[in-house]
Amino acid sequence: MIMLAAHHIFQDLSPLQIIKDLGLKLEEKNGSYFTPHPKDPTHSLRINASQFVGSLNGPTPGCEVVDFLAMQFGSYSKAVDYIVRRYNHLVSLPVGYSLGDEPNQLVEALKAQREQFERILSLQIPLRSQSQGLADGVLYCRRKQLDPQHIWRVLYIVKGSHLNGVLQRLAKPGRPFEADETYLVLPYFQNFCRFAQLQICDLHEKLLKTVPVDSSQIMIFGLHTCLLGKKRIQVVESPHEAAQAYSASVYAGEYGGFVHLRFDPQGEPHKSPLQSARLVVTQQTDFQSLINSRKVFQHLEVIDPQGRFTDAKAQPATEKNQLTLVPATPVPLQAQQLFIVNGVHVAETVAGYVATEPGTNLNCRFTNFVIRVESRVWFEERQQTYLRGWIRLRKDVVPLLLLNSQAQRAEAILLEAQRAVDQVAARNLPTPAILDSVHKSKLVDIVQQQLDGVGKQVGVETLGWSPNRTRFITPAWQVNNATPPPYTPSRTLTEATQVNRDGQEPTSNLFHPKAQMLRQYFSSADYKVSQEQNLVTPQARFLITLVAASLGRGFLNLPAQPFKILRSRESFALLQSVFRALGQRGLAFVCAAPPGK
């Protein structure tokens with residue numbers, strides 16, 4: 001069982017659910033959840049889907065769920081016991097094993113995994129503490145315009161003696177380095193609390209050795225510059241460029257995230273710890289790197305060197321330029337401008353909505369979806385208006401139903417869009433997201449702008465006569481007892497012409513979301529009525545007369561009289577034919593005894 005890594009065993013444990021079950025303090029800020037660090041309550045841990053992520057200057061950059069429980073309860077043994085009692089059904093184990101088998105070995109494996117992470121992380125201490133023995137390392141930082149007070153989050157500068165002490169505990173340490181020499185360590189991460197690979201260089205940035213730590217398909221350099229979560233993350237073309245860009249952002253007071261990616265097709269697949277990023281594409285950008293970046297990030301913005309939102313395509317391959325080395329060429333992105341607010345241009349693209357950064361020519365994609373409102377649906381009984389339309393993700397279109405009051409808040413629009421996607425059977429659809437919260441209010445403006453000129457339709461919640469007997473409604477059509485109203489600015493010409501001489505007009509064909517019984521037994525699909533009366537049998541004429549009489553008694557507010565029909569296949573077919581014109585598609589049994597009794 002120890003051959004299966006601990007992060008595999010506990011991969012289905014939800015950090016947020018565990019915090020709620022333990023009754024620990026939970027705080028929401030800017031769409032993220034935080035909880036105090038168990039060992040240092042002055043610092044908080046951000047909760048993501050599978051891990052706890054530390055703060056910028058916190059005691060740890062991240063930890064697994066089991067690591068958090070070990071800090072909370074005081075030991076890994078108590079953490080495992082708690083998981084066995086509470087979450088045994090969420091533990092992933094090979095067939096034939098249980099958490100009760102070899103518990104001591106599992107606890108030791110968990111401790112060893114955490115100790116390895118903290119031991120490698122200790123390589124940042126000399127530069128972080130401004131050690132006196134790193135004079136040549138500080139000179140390197142000055143030569144490369146790196147801020148030595150902050151660059152330790154990105155790369156490590158250590159003496160060979162310290163480096164040897166860390167590497168000799170790894171599975172493949174290799175030959176030791178010179179104890180008195182200073183080395184540059186470029187750490188690549190699998191996630192916030194697990195290293196994937198270490199690249200050891202001299203201070204001239206010559207690669208001396210690559211040390212594998214944990215097998216991983218995705219390896220991220222600069223991951224610990226992304227601890228702030230909501231800050232924009234940019235993918236760059238080399239680790240040294242990432243270090244320089246981070247130092248420049250710190251100097252400007254921005255603390256942006258800058259990462260470089262490496263890929264190992266033979267490595268262990270795992271979920272990326274980052275969700276969105278921005279990639280600058282030049283003619284020197286390897287097109288395969290662009291493809292791999294799209295695999296890492298669920299939401300990837302592609303911009304050109306001038307910061308304009310763009311796309312990319314591969315240049316034609318030649319004998320000198322093989323397919324795997326084909327560079328990516330920036331391609332202007334086609335966008336349709338929607339409106340301008342306070343100097344900010346908002347445009348629609350196939351990949352979502354784009355806003356121009358105020359005071360610059362930079363474009364920022366702030367959603368990964370497009371929303372369209374096609375009609376307003378009025379439910380008279382509840383005095384509610386719903387907006388009906390769709391959202392587009394990539395090339396896929398998903399129906400959307402949004403309460404009018406929800407259209408006033410970007411968070412509510414996003415939540416309904418996510419619910420709409422979750423209800424679709426297709427599993428390859430991305431989750432609708434607001435990529436830049438600075439522009440989220442523009443989503444409300446986009447919806448409100450579309451309401452201008454959208455006609456009102458009738459929603460269906462109760463069938464039959466209205467309380468004042470002025471309207472009879474079925475799922476597909478309604479008849480008004482009063483004279484159809486003339487065209488007015490609030491009633492479109494299309495709506496006015498749809499009302500025929502008898503006062504009949506189509507409904508929205510939409511049931512109220514809470515009308516569960518109507519959706520079960522009724523259909524809003526159109527029903528063609530035959531005009532050939534000679535095809536109607538005497539039994540059908542009699543049944544139609546009875547139904548019409550019941551509707552008439554309903555208009556007079558009199559109880560309908562029950563009538564009996566011989567139970568047979570032909571009778572059921574006749575009932576379905578007559579009531580199908582009123583929208584009913586199935587028999588609703590309202591008797592005390594269940595069907596067949």
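**Figure 1. Surroundings of S571.** S571 touches I565 and L566, leaving out residues up to four places away in sequence; contact means heavy atoms within 4.5 Å. The model is predicted: local features need pLDDT of at least 70 and side-chain atom pairs count only at pLDDT 80 or more, while totals for chains, interfaces and linings use all residues. Residues are numbered from 1 along each chain as its sequence is written, and side-chain values use heavy atoms, with hydrogens and water left out. S571 is part of helix α16. Helices (H or I, at least four residues) and strands (E, at least two) are DSSP runs, numbered from the N terminus. With a relative accessibility of 12%, S571 counts as buried. Buried means under 20% relative accessible area, exposed over 50%, and partly exposed in between (1.4 Å probe, protein chains only). Q539 is 32 residues from S571 in sequence, and the two C-alpha atoms are 9.3 Å apart.

**Figure 2. Nonpolar surface patch at F555, L556 and L558.** Together these three residues have about 280 Å² of accessible area. Patches are made of residues with over 30% relative accessible area and no salt bridge, like charges being joined within 9 Å and nonpolar side chains (Val, Leu, Ile, Met, Phe, Trp, Tyr) within 5 Å. Areas come from the Shrake-Rupley method with a 1.4 Å probe; for residues, only the protein chains shown count as cover. L558 sits in the loop between α15 (538-555) and α16 (569-580). Its relative accessible area is 41%, so L558 is partly exposed.

**Figure 3. Nonpolar cores.** The largest nonpolar core has 40 residues, of which L163, F195, L198, V259, L274 and F297 touch the most other members. A core is a set of buried Ala, Val, Leu, Ile, Met, Phe, Trp, Tyr and Cys residues joined through side-chain atoms within 4.5 Å. A second, separate core has 28 residues, including V346, F366, L400 and A417. Leaving aside neighbours within four places in sequence, the contacts of L198 in the model include I120, L167, V185, L186 and P187. K209, T210, V211 and V213 are also among the contacts of L198.

**Figure 4. The five-stranded open sheet and its edge at β1.** The strand order is β1-β2-β3-β4-β5, with antiparallel pairing. β1 (27-29) and β5 (62-63) are at the edges and have a single partner strand each, so one side of each lacks a neighbour in the sheet. K29 stands opposite S32 in β2. K29 also forms a salt bridge with E27, the closest N and O atoms being 3.9 Å apart. A salt bridge is a side-chain nitrogen of Lys or Arg within 4 Å of a carboxyl oxygen of Asp or Glu. K29 is partly exposed at 41% relative accessibility, and E27 is partly exposed at 34%.

**Figure 5. Salt-bridge network of D67, R114 and E118.** Salt bridges link these three residues in a network. In the bridge between R114 and D67, the closest N and O atoms are 3.9 Å apart. This pair links distant parts of the chain, with R114 in helix α5 (residues 103-121) and D67 in helix α3 (residues 65-73), 47 residues apart. Both R114 and D67 are buried. The whole structure has 11 salt bridges.

**Figure 6. Strand β22 and its two partners.** Eight of the 10 residues of β22 are buried. Strand β21 (residues 370-379) pairs with β22 in the antiparallel sense over nine bridges, and Y386 in β22 is the bridge partner of V377. The hairpin of β21 and β22 has four residues between the strands, and Q383 takes a positive phi near 55° there. β22 is joined to strand β23 (residues 396-403) by eight bridges, again antiparallel, with R388 opposite L401 in β23. Two residues lie between the strands in the hairpin of β22 and β23, where R394 has a positive phi near 60°.

**Figure 7. Salt bridge between E348 and R392.** The side chains of E348 and R392 meet at 3.8 Å, N to O. E348 lies in strand β18 (residues 344-349) and R392 in strand β22 (residues 384-393), so the pair ties together parts that are 44 residues apart in sequence. Both E348 and R392 are buried.

Technical notes:
Pairing = 2+ DSSP bridges.
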